[in-house]
Amino acid sequence: MHQPRRVPLVHAQSPDELPAAVFKEMRKQAVADGAWALALRLLRVLNQRADVEVSPVELGFDEVELASPATLVWIAGIEAQKDPIEARGLLLQAIE
């Protein structure tokens, strides 16, 4: 029986940059390209996984219109800091 070739962990999938730096660069490029939905989703990933702070002030009507249901729930969580009633409305919108 043929044994699969083992690749040392160091060379298998280790990126040259940390994931947060890669996602920040991807978001910067998405903004430059006008890919707003992608930029918003990358911001969500950076906020949730790389501790990038996002204020309710940074998220408005345009972002809500672009948001997938998962991103809408994330926006609602941030919005709840400022306006819990508005956040509730966003959650209702996500499930409709």
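The model is predicted. Leu 66 sits in helix H4, which covers residues 61–66. Together with Val 31 and Trp 36, Leu 66 forms a nonpolar patch on the surface. The three residues share about 270 Å² of accessible area.

Now the chain as a whole. The secondary structure holds 6 helices and 0 strands. From the N terminus on, the order is α-α-α-α-α-α. Of the 96 residues, 24% are buried. The accessible surface is about 7400 Å², and carbon and sulfur atoms hold 56% of that area. Among contacts with a separation of 6 or more, 36% join residues 24 or more positions apart.

Helix H2 runs over residues 19–33. Its 15 residues should span 21 Å at 1.5 Å a residue, and its end C-alpha atoms are 21 Å apart, so the two values agree. Just after H2 comes Gly 34, with a positive phi of about 75°.

Helix H5 covers residues 69–79 and includes Glu 79. Is Glu 79 buried or exposed? Glu 79 counts as buried because its relative accessibility is 7%, under the 20% limit. Beyond its neighbours within four places in sequence, Glu 79 is in contact with Pro 56, Pro 84, Glu 86, Ala 87 and Leu 90.

The two residues with accessibility values are set out here.

| Residue | Relative accessible area | Class |
|---|---|---|
| Glu 79 | 7% | buried |

Definitions and conventions: Residues are numbered from 1 along each chain as its sequence is written. This is a predicted model: local features need pLDDT of at least 70, side-chain atom pairs count only at pLDDT 80 or more; totals for chains, interfaces and linings use all residues. Side-chain values use heavy atoms; hydrogens and water are left out. Patches are made of residues with over 30% relative accessible area and no salt bridge: like charges are joined within 9 Å, nonpolar side chains (Val, Leu, Ile, Met, Phe, Trp, Tyr) within 5 Å. Accessible areas come from the Shrake-Rupley method with a 1.4 Å probe; for residues, only the protein chains shown count as cover. A salt bridge is a side-chain nitrogen of Lys or Arg within 4 Å of a carboxyl oxygen of Asp or Glu. Helices (H or I, at least four residues) and strands (E, at least two) are DSSP runs, numbered from the N terminus. The expected span of a helix is 1.5 Å times one less than its number of residues. Buried means under 20% relative accessible area, exposed over 50%, partly exposed in between (1.4 Å probe, protein chains only). Contact means heavy atoms within 4.5 Å.
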